[in-house]
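This briefing concerns the arrangement of strands and helices in a single model. The points below are grouped by topic and may be read alongside the structure.

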Amino acid sequence: MILKGSQRAGAKALSDHLMNDRDNDHVSLLELRGFISYNLSGALSEAHAISKATQCERFMFSLSLNPPTDHIATGNEFLEAADRAEQKLGLDGQPRAIVVHEKEGRRHAHVVWSRIDGDELKAIHLGRYKLTLRDLSRDLYLDHGWELPDGLATYGNKSPLNFTLEEWQQAKRQGVDPREIKQAFQQAWERCDSQIGFKNALEDRGYFLARGDRRGFVALDVDGKVYSIPKWTGLRAKDVGTKFGSPENLPSVDEARSTIRSKVSDQMRGYIVQIKDRQNRELDPLRDKHLSMVKAHREERQKLQDGQSKRWAEETKIRSDRLNKGMRGLFDRITGKAKTIQKQNELEARKAAERDQKQRDFMVVEQMKERRQLQREFQKLHRNHANERSLLASKIKHTMKRNNGTRCLSRSRDRGFDLSI
């Protein structure tokens, strides 16, 4: 079942929505537990009243239970799913209501819990409930033998060789449930009536058909692990041979491993290109900021230089005008007045030059502070990128080691895996 939940308020609105028989063919109250009232409206009003003793606003947790479109779920299946959900969410024993809707030939259910612990009068914290519900949805599908939808399948129902970098990293963290592997083999078997069709169907899911050591049919995953076709399809070797004939034209296990190794190597290189491209794009905003800063700083310095040059010319003219010309100038030189004025002008010019230099120095210091702050952002991002590349290199090394058997990818760069940027 697909499980989707949310924390919410609005007891009356939720009750009206769930008991709405205008938009549904049939509406039935499957269970009321832990409430005094015998109807949904009264039960949710009780939950609302109890929440008033707390500061919790979203005092209910609402969960929808959606089985596959081709399956008609029973009441017991809804109850089982609700029980498992409340155990995973930490809502064990909390008052709850279950309503079943039938519409357009489909049957689904809604479960509503009170989040308020009646003893402690505190709201129960649900944590990362969306991930919890996703994992439980997947388990319910596998437990009932239903075909996993793309959103729940570990590999998204596609070959790991077609993963993006993010999908590959997520798959490595999540792992593969053996029941899901068996389902993939059985679906390929049911949908194909020839060896080549079965081979192609398996490759779409990341498994490669090969000839086993005892002339039987086996498949290898992208890590080089071998799976017996009869075992994982639940059939006898004789039945497999009858349907697919001889495996003589298939590659051996070692040959298949070599082919997979080559494909995985290309895939790893693709991931490295992806991460380099993404990291390069992540630097673009800082690069743009740097270019804008340099432009602004140059304009500020040019403006200061132009202003100082204009002021220097004006002050120089003032100092120059103090010196008389002609007969007055000659008289000033004789009396020594010209020399006094000249010394005054030199002193003022020196002070003006020092003043201008201090202004330039102050501007440089302030601009450098701004530039260093930007540089720290560059350095922080570079460190994050380096750590990310180091982690990817470690994962690639581990992946290639498994695919190479006993051979270890000890030097990524020697194999063409250049993780530097």
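## Strand pairing and helix packing

In strand 3, Ser64 is the bridge partner of Lys4. The model is a predicted one.

- Five strands form an open sheet in the order 1-3-5-4-2, and their pairing is antiparallel.
- Strand 1 and strand 2 stand at the edges with a single partner strand each, so one side of each lacks a neighbour in the sheet.
- From one strand to the next, the twist of this sheet averages 15°.
- Strand 1 (residues 2-8) pairs with strand 3 over 7 bridges in the antiparallel sense.
- Strand 3 is also joined to strand 5 (residues 106-114), again antiparallel, by 6 bridges.

**Burial of strand 3**

- Is strand 3 buried or exposed? Of its 7 residues (60-66), 7 are buried, so the strand is largely enclosed by the rest of the structure.
- In a regular strand, side chains alternate between the two faces of the sheet.
- Both faces of strand 3 are covered: one side carries Met60, Ser62, Ser64 and Asn66, the other Phe61, Leu63 and Leu65, and all of these are buried.

**Helix 3 and its buried face**

- Helix 3 (residues 75-89) has 15 residues, which should span 21 Å at 1.5 Å a residue; its end C-alpha atoms are 21 Å apart, in agreement with that expectation.
- Its buried residues are Glu77, Phe78, Ala81, Ala82, Ala85, Glu86 and Leu89.
- Viewed down the axis of helix 3, these buried residues fall within an arc of 165°, so they line one face of the helix.
- An α-helix has 3.6 residues a turn, so residues three or four places apart point the same way.
- Asn76 and Gln87 are exposed on the other side of helix 3.
- Gly90 follows helix 3 and has a positive phi, near 80°.

**Packing partners of helix 3**

- What do the buried residues of helix 3 pack against? Their partners are strand 2 (26-33), strand 3, strand 4 (96-103), strand 5 and helix 4 (129-144).
- Helix 3 lies across strand 2, strand 3, strand 4 and strand 5, and runs at about 35° to strand 5.
- The axes of helix 3 and helix 4 cross at roughly 145° and come within 10 Å; the crossing is right-handed.
- On the helix 3 side, the residues making this contact include Glu77, Ala81, Ala85 and Leu89, each of which is buried.
- On the helix 4 side, the contact residues include Tyr129, Leu133, Leu136, Leu140 and His144.

- Strand 8 and strand 9 (residues 217-220) run antiparallel and are joined by 4 bridges; Ala210 has Val218 of strand 9 as its bridge partner.

Methods
Residues numbered from 1 in each chain as written. Predicted model: local features only at pLDDT ≥ 70, side-chain atom pairs only at ≥ 80, totals over all residues. Heavy atoms only, no water. Buried < 20%, exposed > 50% of the residue type's maximum accessible area, 1.4 Å probe, protein only. Helix = DSSP H or I, 4+ residues; strand = E, 2+ residues; numbered from the N terminus. Pairing = 2+ DSSP bridges. Expected span 1.5 Å × (residues − 1). Arc of directions from axis to C-beta. Contact = heavy atoms within 4.5 Å. Axes fitted to C-alpha atoms, helices over the stretch in contact; angles between N-to-C directions. Left-handed = near helix turned anticlockwise from the far one by under 90°.
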